Amino acid sequence: WSRAGVTLYGSGQWFVYPLSSVKKIQGIAATTDKEGHPIVVYGSPSGIYVATLVKEKWQEDKVTNREGNLLDITLSRHGLTVIYKKEKAAYIAQHKDEKWSINELNFPETPTQIGPGRLLTITGGHVTAVIKNKTHKDEKLFRLRQQAGGWKMDELPNHLAEMVNEGRFGLAHSEKTGLQAAFMRQRDKTLVLASLDEENCPLEEPDKGCVLRYPQVDLKLTKEGKPNVIYFAITPDGGLQIRLARKDQNGRWFSLMVDRTMSKNSLASCSLGLHKNEAPFLSYALGPARAVLLAYPKAWAPPGIGL
């Protein structure tokens, strides 16, 4: 059995708020509403659950009673949007007027495998999604835009289908750069950044020569549109490291190792945020203990820590 929850920092200490146990957690994501209440969404064999922490008590809801694997969530002017999959189908659900509206995604061909997929709220409060699928013939990456009456699906260029078929990729948007995605490329396990709003979706390699260990990548853009990417890579002696790549004001990439271990834990995971839209802080699990670690520049602590 597994249990989801959140950990919050306040008054100089951490507070843990666990949820009820479920048989198995099949994907999990978190955000905060406009009042700052934490929202946790997770998939399980008994459905897709939504829990909001209000005054230290959980308020729970259910998107569906059917089994599902959660891919991602986002909060927008449309309310909470959830994307999840079940076997060979994918669904987008939105909470509006106290109820859930669920739409199945209609791919051009029936997929044999779905995911990974991400959701994002872009400028103007509109929701966009990027999701990969695999058929008997090939692999495709699709972008979805919410429009009046439904979701418009566009196929992205073929070279973007080299994204790995598992794990997590980064998705971010700014007015200056448009929509960008960072992911692990299948053929050489390198880190790639794609500009999805530019013609032919050109690629960049933020950390040339670096080989990734796991398909776990996250991406955030500063207020000037400069990308920050975190990812798990192989160390020269065969260990595992968490790395950060950033683009400077002159448009040059630089990268550094944040932490490392000799453990090769296949359950490694990471998430990236930007304090005041500028300073990166990382949350990640590394090593056999699976402890969740927080890393940030000494001069820029996350909100409530060291400020």
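Biologist: Are Phe 107 and Phe 142 buried or exposed?

Modeller: In this predicted model, Phe 107 is buried, and so is Phe 142. The word applies to a residue with under 20% relative accessible area. Across the chain, 50% of the 307 residues count as buried.

Biologist: What makes Phe 107 and Phe 142 an aromatic pair, and why is the pair called tilted?

Modeller: The ring centres are 5.5 Å apart, and the rule asks for centres within 6.5 Å. The planes stand at 55°.

Biologist: Why is the pair of Phe 107 and Phe 142 said to tie together parts of the chain?

Modeller: Phe 107 sits in the loop between β10 and β11, while Phe 142 belongs to strand β13, so the pair links parts that are 35 residues apart in sequence.

Biologist: Why is the pair of Tyr 214 and Phe 232 called edge-to-face?

Modeller: Their planes are 70° apart, and over 60 degrees counts as edge-to-face. The centre-to-centre distance is 6.5 Å, with the rule set at within 6.5 Å. Tyr 214 lies in strand β19 and Phe 232 in strand β20, so this pair joins parts 18 residues apart in sequence. Both Tyr 214 and Phe 232 are buried. By the rule, the count of aromatic pairs comes to four.

Biologist: How do you know that β8 and β9 are paired, and which way do they run?

Modeller: Six bridges join β8, residues 79-86, to β9, residues 89-96. Pairing requires at least two bridges. The two strands run antiparallel, and Val 82 stands opposite Ala 93 in β9.

Biologist: What is the order of the open sheet that holds β8 and β9?

Modeller: The order of its four strands is β7-β8-β9-β10, with antiparallel pairing.

Biologist: Why are β7 and β10 called edge strands?

Modeller: β7 (69-76) and β10 (99-104) each pair on one side only. From one strand to the next, the twist averages 20°.

Biologist: How many helices and strands does the chain have?

Modeller: The chain has zero helices and 25 strands.

Biologist: What radius of gyration would a compact globule have, and what does the chain have?

Modeller: For 307 residues the globule value is near 19 Å, and the chain has 19 Å, so the two agree. The C-alpha trace spans about 50 × 50 × 35 Å along its principal axes.

Terms used. Residues numbered from 1 in each chain as written. Predicted model: local features only at pLDDT ≥ 70, side-chain atom pairs only at ≥ 80, totals over all residues. Heavy atoms only, no water. Axes fitted to C-alpha atoms, helices over the stretch in contact; angles between N-to-C directions. Phe/Tyr/Trp six-rings, centres within 6.5 Å; stacked < 30°, edge-to-face > 60°. Buried < 20%, exposed > 50% of the residue type's maximum accessible area, 1.4 Å probe, protein only. Rg over C-alpha atoms; globule rule 2.2 N^0.38 Å.
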